Amino acid sequence: MKNTLMLACTLALATLSGTAFAQDAAGGFIRGEIGRSDIDLDVDGFGSASEEDTSAVFGGGYWFNEYVAVEGHIGTLYNTHVDDDVELDLITFGVGVALKKSFGGAHTGFFVGGRAGVARLTAQVREDDFDVIDDESDIKPYFGVSAGYDFSQRFGLSLNWDRRQADFDGVEVDVDTIAVGGEFRF
């Protein structure tokens, strides 16, 4: 009886420890990306301009399997000082679908991916770091591609390119962002 109980406990612990450390391809994730945005402006009747700035985007979502996920993101694509205590920001907020093909199994080894969805770009003029003087938003599709390496089923790094667009009262904005991202899956 004692040996049977001991064997049952050992099997139960072995089963629990195996499932506790096994990572399924499905599950939630968070991602942080830092990079460089190239902003092209086309003003009706006045010409065009281009500028670059640092971008920082935070996102997350859920992998349904090793190939398909839903994702959301929020971040800043551009920030500049216009005048004393006045800043201009370009902020993104979006939801979409991500696709991924791993070459080493589910979320392991090298991978390529793509994503697409809708993003709300907001051009915002702020005073004293927090007081919004004026803002304007536009919602348009976004898309992007990525390549990277998953060091484990829980963590990977990627190089990403994304394209976002907006139209603010006659000012067309195209934003191309190249960023390095880190993704943690749980």
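Where is the place of tryptophan 161? It is in strand β7, residues 155-168.

1. Basis. This is a predicted model, in which local features need pLDDT of at least 70, side-chain atom pairs count only at pLDDT 80 or more, and totals for chains, interfaces and linings use all residues. Residues are numbered from 1 along each chain as its sequence is written, and side-chain values use heavy atoms, leaving out hydrogens and water.

2. Tryptophan 161. Its relative accessibility is 29%, so tryptophan 161 counts as partly exposed (buried is under 20% relative accessible area, exposed over 50%, partly exposed in between, with a 1.4 Å probe and protein chains only). Beyond four places in sequence, tryptophan 161 is in contact with Phe143, Gly144, Val145, Asp176, Thr177 and Ile178 (contact means heavy atoms within 4.5 Å). The C-alpha atoms of tryptophan 161 and alanine 179 are separated by 6.6 Å. These two residues are 18 residues apart along the chain.

3. Aspartate 150. This residue is in strand β6 (strands are DSSP runs of E, at least two residues, numbered from the N terminus). Aspartate 150 is buried, because its relative accessible area is 2%. Its side chain makes a polar contact with the side chain of lysine 100, at 2.7 Å (a pair of N or O atoms within 3.5 Å; within protein, one must be able to donate a hydrogen and the other to accept it, and residues adjacent in sequence count only if both atoms are side-chain atoms). Not counting residues up to four places away in sequence, aspartate 150 touches Lys100, Ser102, His107, Thr108, Gly109, Phe111, Phe155, Gly156 and Arg185.

Methods: Helices (H or I, at least four residues) and strands (E, at least two) are DSSP runs, numbered from the N terminus.
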